[in-house]
Amino acid sequence: MVTKTSAARAADKRGERRRRFFVHLGLIGFGLVMLYPLLWMVSSSFKPTADIFSDPGLIPDTLVPGNYTEGWTALQFPFHHYIWNSLIVVAGSIAGNLLACSMAAYAFARLEFKGKRLFFSIMLMTIMLPIHVVIVPQYILFANLDWINTFYPLIVPKLLATDAFFIFLMVQFIRGLPRDLDEAARIDGCGHVRIFLRIVLPLSTPALATTAIFTFIWTWNDFFSQLIFLTDPEMYTVPIALRTFVDSQSQTSWGPLFAMSAIALGPIFGFFLAGQRYLVRGIATTGIK
């Protein structure tokens, strides 16, 4: 009986290992399918323009590293000029969202005021508004303020807590924090400002990091808003600069375009990897357990 049980357990372990092997094999295959466009773009950045669409393979027959040097200087300004513009917009957007959205989230999660539920519902409803609905009124407003061709239309709204998704994310996180901490701070003479700065913000690091990461990715990749408000080539950001490589009236420089696209992905991967552990905690948790 003992020998039979041991054999059965060994068979079960072999079956479990076999099942895990095929599961991991399927996940690896699915991951390769998802990564193929990225790998193809990186591979194409080293190919001659004539071979990019005629040779679908990932290993170039002829390496053309000159695509990177050509793409870096192909536009009116060096490509680092557009990277710097994007970094300015991203830094302002992250700072605005972290400051404004955290303050709004604290108000909804901890304060009691008349119409709180109504305002919270209206805030959530703004998530469903597509940007195309508000872009025309925004453009008229910013044109009257003489802000077109400046970074103000892309940064100033972030200081007004306009990203309802991040407010909702932080509200859910702050609601999970023990209120006993607030009560203990009030006994020590702390008001809402000190509670917010010394208690809530330090404990909300995962939610703040999640907000920073998503803001970085969405702002860095934002093309529509930046195309609307920035028309001077000197103010172009990376997405608009990449668009200028595509010319409908002449031959498109696909090699330099893919090379600069690969470079443009570097900051996104770096920022994501740096804050990945906070991102997982911020999404998966709603407070201290």
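Select Glu 112 first: this residue is exposed, with a relative accessible area of 66%, where exposed means over 50% relative accessible area, buried under 20%, and partly exposed in between (1.4 Å probe, protein chains only). The model is predicted: local features need pLDDT of at least 70, side-chain atom pairs count only at pLDDT 80 or more, and totals for chains, interfaces and linings use all residues. Residues are numbered from 1 along each chain as its sequence is written, and side-chain values use heavy atoms, with hydrogens and water left out.

Glu 112 and Lys 116 form a salt bridge, their closest N and O atoms being 3.5 Å apart; the term denotes a side-chain nitrogen of Lys or Arg within 4 Å of a carboxyl oxygen of Asp or Glu. Lys 116, at a relative accessible area of 15%, is buried. Salt bridges that share partners also join Glu 16, Arg 19 and Arg 20 into one network.

Glu 16 is partly exposed, at 30% relative accessibility.

Now select Arg 110 and Asp 182. Their side chains meet in a salt bridge of 2.6 Å, N to O. This pair links distant parts of the chain, with Arg 110 in helix α4 and Asp 182 in helix α9 (residues 179–187), 72 residues apart. Arg 110 and Asp 182 are both buried. A search of the whole structure finds 6 salt bridges.

Remain in helix α4 (residues 79–110) and select Ser 86, which has its place there. Is Ser 86 buried or exposed? Ser 86 is buried, its relative accessible area being 3%. Display its contacts (heavy atoms within 4.5 Å): beyond residues up to four places away in sequence, Ser 86 touches Trp 220, Thr 237, Val 238 and Pro 239.

Finally, colour the spans that UniProt, in an unreviewed entry, names "transmembrane region", including 195–220 and 254–274. UniProt positions follow the numbering used here, feature names are shortened, and annotations may be inferred rather than shown by experiment. Residues 195–220 are 96% helix and 0% strand, with end C-alpha atoms 33 Å apart. Residues 254–274 are 100% helix and 0% strand, with end C-alpha atoms 31 Å apart.

Conventions
Helix = DSSP H or I, 4+ residues; strand = E, 2+ residues; numbered from the N terminus.
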